[in-house]
Amino acid sequence: MSNSDPQITRFRLSDQYQQLKNNFHRHLIQQIEERNLDIDQWDETKIERFVTEQMRRYVVDQRLPVNQRESEALARDARDELMGFGPIQSLVDDDSVNDIVVNGPNNVFVEREGRLYSAPVRFFNDTHVVRVIQRILAPIGRRVDESTPMVDARLADGSRVNAIIPPIALDGPCLSIRKFRKQPLTADDLLRSGTLNQAELDYLRDRVDRRTNLLVVGGTGTGKTTFLNLLSTWISEEERVVTIEDAAELRLNHRHVVRLETRPPNLEGQRAVTARDLVRNALRMRPDRIIVGEVRGDEVLDMLQAMNTGHDGSMTTLHANSCRDAVHRLELLAGFAGYTGSETTFLGQVASAIQLMVHVGRLKSGERRVMAITEVLGSRGNELIMRDLFRYDIETRSHIDCRGDL
Ligand SMILES: Nc1ncnc2c1ncn2[C@@H]1O[C@H](COP(=O)(O)OP(=O)(O)OP(=O)(O)O)[C@@H](O)[C@H]1O
Ligand SMILES: [Mg+2]
């Protein structure tokens, strides 16, 4: 990809290029229709050869004022338009990109290593964005239109897609893609990037081994799921694990893993299968451990109960900005789930269910860090007694081992 060549990048962003690309695309479609070509049956190489050959002739016939590299860029983009996701195909193919966000035709951004960058691509107009959205959704049998202007879906490769179009989105169609990493981040990756240090890793690994009940807490996109995945890779092969998720993201290579996924209600609002249903069901499957991707509703009570009744080593994540905050969040969710007991009783239950919390965060620079590893020691009245074992110090940019402090 010649993304890095500033001259080509400028050219690809120009109106002239958009016009050229659009005209050439139309020319291709015309050729395909006139000659009745069944390009859906063609493989990549054949399409590539066809587009290159057409481009060569088109440049000559139309006397296009483009040089070799410009015509190559044009051919590549035309090919992406024909068989891929158009202007964003190159971003989808780029493994260093985590997220792709399109805010209307002229604003495309990518997230790399926690930071958002403007991407050197654009769409022709709103219709073009919608066409690409439809192409992304078609293989999974979904589409956006006026009656369903908002779609949240998971693609076959595990990537998550959200699309929302006018009139709901005021400034043009929007598309957000959270790409599914082909290779999950490993312990080595996280050590190398400084997400955690060796002492923290050794400590956590030992606790997973000793079947500690664990809660990973953090804000949106801070790396909770990634961390939970890492922790679960340390579970022994012999153990039977049931995972419960809204969209299967966890990747365990264990023999004894049963993966369960919730189901949203149908159009009549029926036949939903909730996380609560699945936690209850999981208890009858004689699991050694239960892993819930994220606790965000009624299932909180069942999960705490499961953790309190012999399913040691169970783990989950919770959306909260600190370990203290997590306790409030648990109380809130329990209240919504219809918990009627006293706060003191509830905290007692939390204290015996959860032994360790890991707080993950994202720094201003975009870097992900384990902000704290906190032990739950018990409860006293309306308070949970906790102690930091490790914490990250932003000033000195270092992970601090607090196990010696008392
Ligand atoms: N430690 C890390 N270092 C680098 N990238 C990371 C790290 N942790 C997560 N990421 C990347 O950040 C993105 C978000 O990660 P993840 O899905 O784990 O976050 P999350 O907190 O579970 O998000 P959500 O709130 O949407 O559930 C992913 O693209 C992931 O690959
Ligand atoms: Mg997550």
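In this predicted model, His128 is found in helix α6, which spans residues 126-137. Its relative accessibility is 4%, so His128 counts as buried, the cut-off being under 20%. The side chain of His128 has a partner in Glu81: the two side chains make a polar contact of 2.7 Å.

Gly114 sits in the loop that links β2 (108-112) with β3 (115-118). With a relative accessibility of 12%, Gly114 also falls under the 20% limit and therefore counts as buried. Although 108 residues separate Gly114 from Thr222 in sequence, their C-alpha atoms are 8.8 Å apart in space.

We turn next to the ligand. The shell around ligand 1 consists of 15 residues, and the closest of them are Thr195, Lys224, Thr225, Thr226 and Arg368. By residue class, this shell holds 9 polar, 4 charged and 2 nonpolar members. Helix α9 (residues 224-233) is the element that gives the most to the shell, contributing 3 residues. An oxygen atom of ligand 1 lies 2.5 Å from an N or O atom in the side chain of Thr226. At Gly221 the backbone takes part instead, with a polar backbone atom 2.9 Å from an oxygen atom of the ligand. Arg181 contributes through its side chain, where an N or O atom is 3.3 Å from an oxygen atom of ligand 1. Ligand 1 would expose 640 Å² if taken alone, and the protein buries 86% of that area.

Strand β10 is joined to β8 (residues 241-245) by 4 bridges, and the two strands run parallel. Within this pairing, Thr243 has Ile291 of β10 as its bridge partner. Strand β10 also runs parallel to β11 (residues 315-319), to which 2 bridges join it. Here Val292 stands opposite Thr316 of β11.

Pro166 and Pro167 are joined by a cis peptide bond, with omega at about 10°. Pro167 belongs to the loop between β5 (160-164) and β6 (174-178). Positive phi values in residues other than glycine occur at Asn36, where phi is near 55°, and at Arg286, where phi is near 40°. Asn36 is placed in the loop between α2 (15-34) and α3 (44-61), whereas Arg286 lies in the loop between α10 (275-283) and β10. The relative accessibility of Asn36 is 68%, and because this is over 50%, Asn36 counts as exposed. Arg286, at 60%, is over that limit too and so counts as exposed.

Terms used
Residues are numbered from 1 along each chain as its sequence is written. Chains are lettered from A and ligands numbered from 1 in the order in which they are written. This is a predicted model: local features need pLDDT of at least 70, side-chain atom pairs count only at pLDDT 80 or more; totals for chains, interfaces and linings use all residues. Side-chain values use heavy atoms; hydrogens and water are left out. A residue is near a molecule or strand if one of its heavy atoms lies within 4 Å of it. A polar contact is a pair of N or O atoms within 3.5 Å; within protein, one must be able to donate a hydrogen and the other to accept it, and residues adjacent in sequence count only if both atoms are side-chain atoms. Accessible areas come from the Shrake-Rupley method with a 1.4 Å probe; for residues, only the protein chains shown count as cover. Ala, Val, Leu, Ile, Met, Phe, Trp, Tyr, Cys and Pro count as nonpolar, Asp, Glu, Lys and Arg as charged, and the others, Gly among them, as polar. Two strands pair if DSSP finds at least two bridges between them. Buried means under 20% relative accessible area, exposed over 50%, partly exposed in between (1.4 Å probe, protein chains only).
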